[in-house]
Amino acid sequence: MYTFVSKLTNNKITGVLSSIFYVTMPYHLTDMYIRNAIGEFLSYIFIPLVFLGLYKLFQKEKGDWILCLGAVGLLLTHNLMTFLTAIMAFIYLCTNFSKLKNKNVLKKLFLNIVFITCISAFFWIPMLQTKLSGEYQVYQEDAMATSDSFTESALDLKDLFFTQKNATHVFEIGLPIIVIICLSIFAIKRAIQSTYKKEYILFLCLGLLCLFMCTKYFPWNLFGNIFEILQFPWRMLVFANFFLAIICALNIEILIKNFNIKDVIFFSTICVICTILLKGFLPTDTEIVDINQWSIGVLTENKNDVIAGMGKSEYLPVNFNNNRNYILHRENSVYILNGVGKIDELKKSGQSLNCKIEALEDNTIFEFPYTYYPGYTVTLNGVEIDSFQSPNGLLAISLNKTEQSDIAIHYTGTTIMQLSKILSIISIICFIFYIIFFNTDIQIKNKFLKIKK
């Protein structure tokens, strides 16, 4: 954030102030210390990197590879934030569309997109394969949110200005930030005359739009249920924080004639004090259970319980989720769902299982104590056989009448998963060479070549 704003304004002090605003925004701290939304608050790291990479690309500066770094980081921390950042970045790209007429800029943008796609292949290809191989709870209608829950979580306008006593979250922007945003009325005229006028107008509009999208007054119903995956409209505060932190720093730089580090200290101190004072509004939980006593991973019959470290078991197969009572009371062994058979010498350790099995009639179905996901390898006397998902969402096989045989199960991942890892490794190596040979000074390149020789 510091580097991006410093380059944008050619003023390091403005960069310092914007970064302080960015990390002390109340919702950012809510994400970290109240919601403990790990993926969401980690996305704060990578959003500025995406815009810094784009800015370097448009300015034809070295270091456009930062765009790839930011995008891959986002993809591996929070899929939803990746999608939303892509929309914001595309808008920023459209405002600089004329820069794409330069073939070198267009080429580097294309290379970054290719690197982003290939480096993250080990993540998105298995995810896509898993999604296509079965029905999972997370993709079901109303799984993450309903129309009612989405609408009800939208904020009142007052929530952006005040935190109510005993509120569970802090959604307010903070008094210092609100005041400085209001100063845009006086700063915009001089901002339009500056070198960053395009970014100023765009970020001010996007910041205010994101704030509006958090509230119940935004017409979400016009989009149907497309954006219900957001779960909560107030997630847009992440982007409001980013854009408005920049605007606030720019406003202060514009309006204070002799802007210096003393001003940074003054405004930063006010922001920190106001943020600390918000703590008095939040209720304190005095009955905190030691993490070693948590029953994470214990299955319950209630579909709304947080189990296995996941809210509402959204990443489980639909059949598994619909048969929780069966799973809860099921023994950790091999079951025969259809036909007649025998199981002996069962040994199960983690993702590996070995036993002797015998089918006494055709089409005997054996169900194993593993949640079904693609990637399990099942061998019968050393020969791989097909497996499938049982009606209960577990791993299963079907055998015709056979004598006692050795069954071995191991999770190895699919061939596509293995190939995607190889693609990612090769892409990372190519990406490193791209950084060295196309984004560094000639002297560094020569030193590298001498070492190679």
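Hi everyone. Let me begin with the contacts: in this protein chain, 69% of those with a separation of 6 or more are between residues 24 or more positions apart. Please keep in mind that what we are looking at is a predicted model.

Now the overall picture. The chain has 453 residues, and 47% of them count as buried. There are 18 helices and eleven strands. If you follow the C-alpha trace along its principal axes, you get spans of about 90 × 65 × 45 Å. The accessible surface comes to about 24300 Å², and carbon and sulfur atoms contribute 62% of that.

Let's step inside, to helix H6, which covers residues 79–95 and contains Thr85. Is Thr85 buried or exposed? Thr85 counts as buried, because its relative accessibility is 2%, under the 20% cut-off. And who surrounds Thr85? Setting aside neighbours within four places in sequence, Thr85 is in contact with Ile47, Val50, Phe51, Leu74 and Phe239.

On to the strands. Four of them form an open sheet, in the order E3-E6-E10-E9, and the pairing is antiparallel. At the edges sit strand E3, residues 335–338, and strand E9, residues 388–389, each of which pairs on one side only. Have a look at strands E6 and E10 as well: E6 spans residues 364–371, E10 spans residues 394–399, and five bridges join these antiparallel strands. To find one of these pairings on your screen, go to Ile365, whose bridge partner in E10 is Ser398.

How many disulfides does a search of the whole structure find? The search finds zero. Take Cys274: its nearest cysteine sulfur belongs to Cys271 and is 6.9 Å away, and Cys274 is in no disulfide. Cys274 is also partly exposed, since its relative accessible area is 27%.

Leu157, Phe161, Phe162, Leu209, Phe212 and Tyr217 together make a nonpolar patch of about 610 Å². Of these, Tyr217 can be found in the loop between helix H12, residues 197–213, and helix H13, residues 237–255.

Methods. Residues numbered from 1 in each chain as written. Predicted model: local features only at pLDDT ≥ 70, side-chain atom pairs only at ≥ 80, totals over all residues. Heavy atoms only, no water. Pairing = 2+ DSSP bridges. Helix = DSSP H or I, 4+ residues; strand = E, 2+ residues; numbered from the N terminus. Disulfide = S-S within 2.5 Å. Buried < 20%, exposed > 50% of the residue type's maximum accessible area, 1.4 Å probe, protein only. Patch = residues over 30% accessible without salt bridge, like charges linked within 9 Å, V, L, I, M, F, W, Y side chains within 5 Å. Areas by Shrake-Rupley, 256 points an atom, 1.4 Å probe, with all protein chains shown as cover. Salt bridge = Lys/Arg side-chain N within 4 Å of Asp/Glu carboxyl O. Contact = heavy atoms within 4.5 Å.
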